[in-house]
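Please find below a short note on the model under review.

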Amino acid sequence: MEDRTPPPLVERPSAFGMLPKNRILLAAAGAGALVLAGGVGGVMGATLTRSQAVGSAAISLPGAAGGAPSSFADVAERVKPAVVSVHVREGGDLQASLPDGPLGEFFRRFGTPERQQPRESAGSGFFISEDGYIVTNNHVVQNGNQLSVTLDDGRTLDARLIGVDERTDLAVIKVEGGQFPYVRFAEHEPRIGDWVLAVGNPFGLGGTVTSGIVSARGRDIGAGPYDDFLQIDAPVNQGNSGGPAFNLAGEVVGVNTAIYSPSGGNVGIAFAISAATAQPIVDSLRRNGTVTRGYLGVAAQPLNDDIARSMGLRNTHGALVAEVTDNSPAARAGLQPGDIITKINDREINDARALARVVGSVEPGAETEITYVRDGRTRTARVALASLTNDQAQQSRQAASGKPGAGGSQTANETLGVATAPSSGGGVVVTGIDPNGPAAERGIEQGDIILEAGGRAIANPQDLASAVDGARRDGRGVLLLRVQSGQGAGYVAVPIGRG
């Protein structure tokens, strides 16, 4: 953790690298200038429920012209008691941990460069149960060893950590000492254009309510394989991290997590973890203190128009298998690189992100039906998924993060120098490449190894030349290559000239 003045913002890995002045930022902030950096999903939520029984009926707000509410006061009044400010302190009793003797006495009097004073930060959270369970962001609490929350009525209570999930940036903490008003996740996804209220602790100003609409759904901000964010335009700032976004029924539709900003302040683009992603994660953390995910054992990449065209596909529906891990459930099911997974059980797989989310939601050990396309034919396989470990999560990352780009429109011939790869795995290594050519535009770099071309294994430069000539004779304007880079193997569709 790091002290800065004024309170700084922490960049999140983002898909907006083309705009260097704009950043995806964690919406956590420290009133004491401490910012907690960290990682960052069906939509479920519910009406605020007090121990004194507020009731579960949806709130009917007076309507103004066009159906807009004339005031958000009723829903704000009902949900605010369930929202808390989360305070995180890094460093404990430094005096007690110092050594005895003159050295300890010196440190007690003057401190050390590494251990001056404990540092504090603040975020937001909300009760999900009467007995004190609270949802917040992992990046709010991840570096702290002392937690407390301030309730809407002004009380401050010590909290303990129940569990965190780094992959979705969610955490559950708990307080003791009474019956607490709480909210539930919404059972239905919001529509684009629906009203939302963001409630939280921006800049340490607890109990703040802002309003806006759902601007978009299903946003991928480059935070991880489970990205499924709601985009909202309700003002969200530092310290709002972990706070809820409510619909007009007082149900939680999202957990506010990040903002997109050129300056660090609100510009009307904020991202909330959808309730559909949050609910099962929160339930698992509450029950077990951890999250168990299904593991298939593939690295998948998106299908783009070029890849689909090179494979003779009519659309880009599905997740393209780029790698299959040895001895994994996918290997036992007979999956191969080049297969296109279109369904897991009865759930459609529209892209690689959907595959990661659906597989992760399947209970390990459960027999799972996989529907996939190979050589134009639809096939099915059944296999029991394993349990995802950290090592497997690394192996199962989305393949070729920079490789499958649609890349420009250039189709002219280019100079691509290759040589037989020195490894026993076969393929040809790229020894030289035109930096302005179509292969370079699509992410191929010197040192990459081309393993396949046009669906066939490549053993030497002659094989690659034959594949290019065959694609030209067949009238195909694109050749599909399977490329091994430092980030893993993936497919790249490269336009080819007429020779």
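**Notes on the predicted model**

1. A network of salt bridges links D306, R309, E441 and R442; a salt bridge is a side-chain nitrogen of Lys or Arg within 4 Å of a carboxyl oxygen of Asp or Glu. This is a predicted model, in which local features need pLDDT of at least 70 and side-chain atom pairs count only at pLDDT 80 or more, while totals for chains, interfaces and linings use all residues. Residues are numbered from 1 along each chain as its sequence is written, and side-chain values use heavy atoms, with hydrogens and water left out.

2. D306 lies in helix α6 (residues 305-310) and R442 in the loop between α10 (438-441) and β28 (449-453), so the pair ties together parts 136 residues apart in sequence. Helices (H or I, at least four residues) and strands (E, at least two) are DSSP runs, numbered from the N terminus. D306 is buried at 13% relative accessible area, and R442 is buried at 1%; buried means under 20%, exposed over 50% and partly exposed in between (1.4 Å probe, protein chains only).

3. The salt bridge between E189 and R217 has an N to O distance of 2.6 Å. E189 is partly exposed at 42%, as is R217 at 38%.

4. The strands β5-β6-β7-β10-β9-β8 form a closed barrel of 6 strands with antiparallel pairing, where pairing requires at least two DSSP bridges between two strands. Strands β5 and β8 are joined by 5 bridges.

5. D326, in the loop between β20 (319-324) and α7 (329-332), is exposed at 65%.
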